[in-house]
Amino acid sequence: MITETAVWRVIIAVINNGLIDQGITGVKAKQSYQQTQQGTSSADRVYLNKVTQRRISHQSKEFKFNEIDDNFDHKEAYWLAVTYQLNAVINQDLSDPDSMTVGDLVDICGAILQSTKARKTLLESGVGILKINDTRNPFFSDDSKQFVAEPSFDFVLTYNQSISSKVPKISAVEETTINL
């Protein structure tokens, strides 16, 4: 069974390692909306948050007889599709017309998630990437009453979840006739 924490760890590692591979060292990915987070960080960041989670398959059931404990090992498994949102905050140097924008950073993160290296790392962890959606570019009024863009996109990861239990074997059958 893959835990949500394990999925967060692999997503954040994939993005952070990808940013370093691209020569972007001052930006770190972080899970957004954490219980201890107080407001938005002023540091350059890539923020991730979970949007939805849904089952995308029928539950499979498997029984295997375990001779050691004389019971059946029962496993039920299903696939999840979990949608995450990625957005970023960057302190752009407005005096440098060639400086990276927040839109550039979000696009780079999308390319990182689609890369062969990221897909390989995710699959080795039991996680697949289903799709990356279009980038949105809404504007909002910041603390200085300036309208700034906050580009973001959603991406969907898939992974298998399972639960296990022990089921006793049938040791006797009792025949009964019921009159109707």
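**Exercise 1. Describe how helix α1 packs against helix α3.**

Step 1. The axes of helix α1 (residues 4-21) and helix α3 (residues 116-124) come within 10 Å and cross at roughly 155°. Axes here are lines fitted to C-alpha atoms, for helices over the stretch in contact, and angles run from 0 to 180 degrees between N-to-C directions. Helices (H or I, at least four residues) and strands (E, at least two) are DSSP runs, numbered from the N terminus.

This is a predicted model, in which local features need pLDDT of at least 70, side-chain atom pairs count only at pLDDT 80 or more, and totals for chains, interfaces and linings use all residues. Residues are numbered from 1 along each chain as its sequence is written, and side-chain values use heavy atoms, with hydrogens and water left out.

Step 2. Angles under 35 degrees count as roughly parallel, over 145 as roughly antiparallel, 65 to 115 as roughly perpendicular and the rest as oblique. Therefore α1 and α3 are roughly antiparallel to each other.

Step 3. The crossing of α1 with α3 is right-handed. A crossing is left-handed if the near helix is turned anticlockwise from the far one by less than a right angle, and right-handed if clockwise.

Step 4. On the α1 side, the residues in contact are Val-10, Val-14 and Asp-21; on the α3 side they are Lys-117, Ala-118, Thr-121 and Leu-122. Contact means heavy atoms within 4.5 Å. By class, this contact has four nonpolar, one polar and two charged residues. Ala, Val, Leu, Ile, Met, Phe, Trp, Tyr, Cys and Pro count as nonpolar, Asp, Glu, Lys and Arg as charged, and the others, Gly among them, as polar.

**Exercise 2. Describe how α1 packs against α2.**

Step 1. Two packed helices are described by the angle between their axes and the distance between the axes. For α1 and helix α2 (residues 102-114), the axes come within 9 Å and the angle is roughly 110°.

Step 2. That angle makes α1 roughly perpendicular to α2. The crossing of α1 and α2 is right-handed.

Step 3. From α1, the contact is made by Val-14, Ile-15, Gly-18 and Leu-19, and from α2 by Leu-105, Ile-108, Cys-109, Ile-112 and Leu-113. The classes in the contact of α1 with α2 are eight nonpolar, one polar and no charged residues.

**Exercise 3. Describe how α2 packs against α3.**

Step 1. The axes of α2 and α3 are 5 Å apart, and the helices pack at an angle of about 55°. α2 and α3 are therefore oblique to each other.

Step 2. Ile-112, Leu-113 and Gln-114 of α2 meet Thr-116, Ala-118 and Arg-119 of α3. This contact divides into three nonpolar, two polar and one charged.

**Exercise 4. Locate Val-14 and Cys-109, and decide for each: buried or exposed?**

Step 1. Buried means under 20% relative accessible area, exposed over 50%, partly exposed in between (1.4 Å probe, protein chains only).

Step 2. Val-14 lies in helix α1. With 7% relative accessibility, Val-14 counts as buried. Not counting residues up to four places away in sequence, Val-14 touches Ile-112, Leu-113, Ala-118, Thr-121 and Leu-122.

Step 3. Cys-109 is in helix α2. The relative accessible area of Cys-109 is 0%, so Cys-109 is buried. Leaving aside neighbours within four places in sequence, Cys-109 is in contact with Ile-15, Leu-19, Val-46, Leu-86 and Phe-153. Cys-109 and Ile-15 are 94 residues apart along the chain, while their C-alpha atoms are separated by 6.6 Å.

**Exercise 5. Locate Pro-168 and Asp-70, and classify the exposure of each.**

Step 1. Pro-168 is in strand β8 (residues 152-168). With a relative accessible area of 59%, Pro-168 is exposed. Pro-168 touches Asn-71 and Phe-72, not counting residues up to four places away in sequence. Between Pro-168 and Phe-72 there are 6.1 Å in space, C-alpha to C-alpha, although they are 96 residues apart in sequence.

Step 2. Asp-70 lies in the loop between β3 (60-66) and β4 (71-89). Asp-70 is partly exposed, with a relative accessible area of 35%. Phi of Asp-70 is near 60°, a positive value in a residue other than glycine.

**Exercise 6. Summarise the protein chain and decide: compact or spread out?**

Step 1. The protein chain has three helices and eight strands, in the pattern α-β-β-β-β-α-α-β-β-β-β along the sequence.

Step 2. The radius of gyration of the protein chain is 24 Å, well over the 16 Å that the globule rule gives for 180 residues, so the chain is more spread out than a compact globule. The radius is taken over C-alpha atoms, and the globule rule is 2.2 Å times the number of residues to the power 0.38.

Step 3. The C-alpha trace spans about 90 × 40 × 30 Å along its principal axes. Of the 180 residues, 32% count as buried.
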